[in-house]
Amino acid sequence: KMKVSNKYYCVPYDYSIMTVKFQTARLEEKKQKQLQLQQHQAQGEEQESMDDDNKSESQSIEDLGLDHLGDTVKVEIETTCHELISLMQNHLLTHSTSIGNDRATVFYSKTTGDYFRYLTELDPMATNTENGKKASFYYEKALALAENALKPSDPIRLGLVLNMSVFFYEVMKKPDKACLLANHAHDNAISELDKSLPLPQTQKETSLILDLLRNNLELWTSTEN
């Protein structure tokens, strides 16, 4: 479950996303059929059977139950997140801390914060939930260690700040804190890169995350202005 193509932006519920896309495609197909039926009616084609089909299509869309689909996906996300949080807290974080692997501890703490953030985003009162507080706790814990143990241009440190700043901006509704975090991390990393070249295997990741931080800052500052 932890093996993802991009560890800095991992989503633990890819299957849920594919399910939503599949169901959405089915709904879109049914809506297109409805539209075609309505167009035929506008052209004056009096076909009662077609009207009946239109009603049945409309009812089938309702029967498909978007609300039910949403509840199903929500439960799946919650279950997966709780499983992975347990894996982090009871195994990976415990092990990395015990052997003094700061880089791994930063990554696992950040990832735990990510999963609590996903849970928080399911709640319309996100800023007041216990999950929001836990996400903030793990992000802050990871950042404190990263600032002491990792270089400013380290992709794990930058990935942490990227996700953390999005959390504060989108979920906690604290744009000033989000912008401060992102801007500070971006400038520090650029300053270090000006002095020394990063390792080849991390250079691409670092550049990618810096671009994302820069894009977010441009979007957020323009929105606030």
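Predicted model: local features only at pLDDT ≥ 70, side-chain atom pairs only at ≥ 80, totals over all residues.
Local features here need pLDDT of at least 70 and side-chain atom pairs count only at pLDDT 80 or more, while totals for chains, interfaces and linings use all residues. Residues are numbered from 1 along each chain as its sequence is written, and side-chain values use heavy atoms, with hydrogens and water left out.

Begin by selecting residues 155–171, which form helix α6 (helices are DSSP runs of H or I with at least four residues, numbered from the N terminus). The end C-alpha atoms of α6 are 23 Å apart, which agrees with the 24 Å that its 17 residues should span at 1.5 Å a residue, where the expected span is 1.5 Å times one less than the number of residues. Because 15 of the 17 residues are buried, α6 is largely enclosed by the rest of the structure (buried means under 20% relative accessible area, exposed over 50%, partly exposed in between, with a 1.4 Å probe and protein chains only). After α6, select Lys173, whose phi is positive, near 60°.

Next, select Ala149, which belongs to helix α5 (residues 130–149) and, at 35% relative accessibility, counts as partly exposed.

Finally, show the aromatic pairs, of which the structure holds seven (rings of Phe, Tyr and Trp, the last by its six-membered ring, pair if their centres lie within 6.5 Å; planes under 30 degrees apart count as stacked, over 60 as edge-to-face and the rest as tilted). One of them, Phe116 with Tyr138, is stacked, at 5.9 Å centre to centre and 15° between the planes. Phe116 lies in helix α4 (residues 102–121) and Tyr138 in helix α5, 22 residues apart, and both are buried.

Conventions. Helix = DSSP H or I, 4+ residues; strand = E, 2+ residues; numbered from the N terminus.
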